[in-house]
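This briefing sets out selected side-chain features of the structure shown below. The points are grouped by topic.

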Amino acid sequence: MRMLENILYIIAAYLIGSVPFGYIAGKLNGIDLREHGSCNIGATNAVRVLGKAWGVPVFVCDFLKGLLPLLYMKCHLGGDVTQMSAGDMGWFLGVMFALVLGHTYTCFLGFKGGKGVATTAGCMFAFSLTIGFSILATWILMMVITRYVSLSSMVAGLVLLVVAVWEFWLQDGGVSVADGMALGLLSLIFILVVYKHRSNIVRLCKGTEPKAFSKKSK
């Protein structure tokens, strides 16, 4: 029964992550975000195409769909991820990955979705406040310096890994099975986010990537 419960929760997490708030916001305005701006349903494109009045709520909703399910699980499993058994950590990480995967490959839009940044951020705040605030501070700093949303997001993802290694490895002087699982899954999420930004990487290299909230995006 426990195994069935775990599987059903992971499926539910994927469906929650799959809710395309950016696409819904676009449709409420009579447009399909997949055909405008960067042709992405994420919050950045929603801000660019629909304005902050719609884009900010899209970000908040994408953030919360990563945060709330994991907060519920965290409370259910004792509230401290660093003390989880390998079994509980596997379940927790499975739900986390399902949430991010749902956002990036939503079943409601032919398995094409956003770039995973907002939902990943929500997951990280539920997972560890140290990691959550570290990536937030990094993102804000990079935005102030570069004004590139994509670059800021990827650098924040790299900081995520560095802080995770410190919190789960260096701080304790060793890596348990659960710690290793956490580091592995966070690395996989980072790779996924970078992969979803591959077109942005090409534009950054060419010098054609638009700066924050510029309307010149394609």
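K65 counts as buried, because its relative accessibility is 5%; buried means under 20% relative accessible area, exposed means over 50%, and partly exposed lies in between, for a 1.4 Å probe and protein chains only. The model is predicted, so local features need pLDDT of at least 70 and side-chain atom pairs count only at pLDDT 80 or more, whereas totals for chains, interfaces and linings use all residues. Residues are numbered from 1 along each chain as its sequence is written, and side-chain values use heavy atoms, with hydrogens and water left out.

**Surroundings of K65**

- K65 lies in helix α4, which spans residues 52-76; helices (H or I, at least four residues) are DSSP runs numbered from the N terminus.
- With the side chain of H103, the side chain of K65 makes a polar contact at 3.1 Å. A polar contact is a pair of N or O atoms within 3.5 Å; within protein, one atom must be able to donate a hydrogen and the other to accept it, and residues adjacent in sequence count only if both atoms are side-chain atoms.
- When neighbours within four places in sequence are set aside, the residues in contact with K65 are I16, G17, S18, V19, F21, L99, H103 and T119. Contact here means heavy atoms within 4.5 Å.

**Salt bridges**

- The structure contains three salt bridges, each defined as a side-chain nitrogen of Lys or Arg within 4 Å of a carboxyl oxygen of Asp or Glu.
- One of them joins K65 to D62, with the closest N and O atoms 3.3 Å apart. The two residues are separated by about one helical turn, because they are three residues apart in helix α4. D62 is buried, with a relative accessible area of 1%.
- The side chains of D32 and R34 form another salt bridge, at 2.9 Å from N to O. D32 is buried at a relative accessible area of 10%, whereas R34 is partly exposed at 35%.
- A salt bridge also links E209 and R203, whose closest N and O atoms are 2.8 Å apart. Both E209 and R203 are buried.

**Nonpolar cores**

- The largest nonpolar core has 40 residues, and those with the most contacts inside it are F92, M96, F127, I131 and L186. Such a core is a set of buried Ala, Val, Leu, Ile, Met, Phe, Trp, Tyr and Cys residues joined through side-chain atoms within 4.5 Å.
- The elements giving two or more residues to this core are α1 (2-18), α4, α5 (86-104), α6 (117-127), α7 (129-146), α8 (149-170) and α9 (177-196). Helix α5 gives the most, with nine residues.
- F127 touches K74, V81, M89, F92, L93, M96, F168, A182 and L186, not counting residues up to four places away in sequence.
- A second, separate core has six residues, among them A25, L33, A43 and A46.

**Cysteines**

- The number of disulfides is zero, a disulfide being a pair of cysteine sulfur atoms within 2.5 Å.
- C123 is in no disulfide, and the nearest cysteine sulfur, that of C61, is 15 Å away. C123 counts as buried, because its relative accessibility is 0%.
- C39 is partly exposed, with a relative accessible area of 30%.

**Aromatic pairs**

- A search of the whole structure finds six aromatic pairs. Rings of Phe, Tyr and Trp (its six-membered ring) pair if their centres lie within 6.5 Å; planes under 30 degrees apart count as stacked, over 60 as edge-to-face and the rest as tilted.
- Y9 and W91 form an edge-to-face pair, because their ring centres are 6.1 Å apart and their planes are at 80°. This pair links distant parts of the chain, with Y9 in helix α1 and W91 in helix α5, 82 residues apart. W91 is buried, with a relative accessible area of 4%.
- F59 and F63 form a stacked pair, at 6.1 Å centre to centre and 25° between the planes. About one helical turn separates F59 from F63, because they are four residues apart in helix α4.
- F59 counts as partly exposed at 37% relative accessibility, whereas F63 is buried, with a relative accessible area of 17%.
- Ring pairs join F59, F63, F125 and F133 into a cluster.
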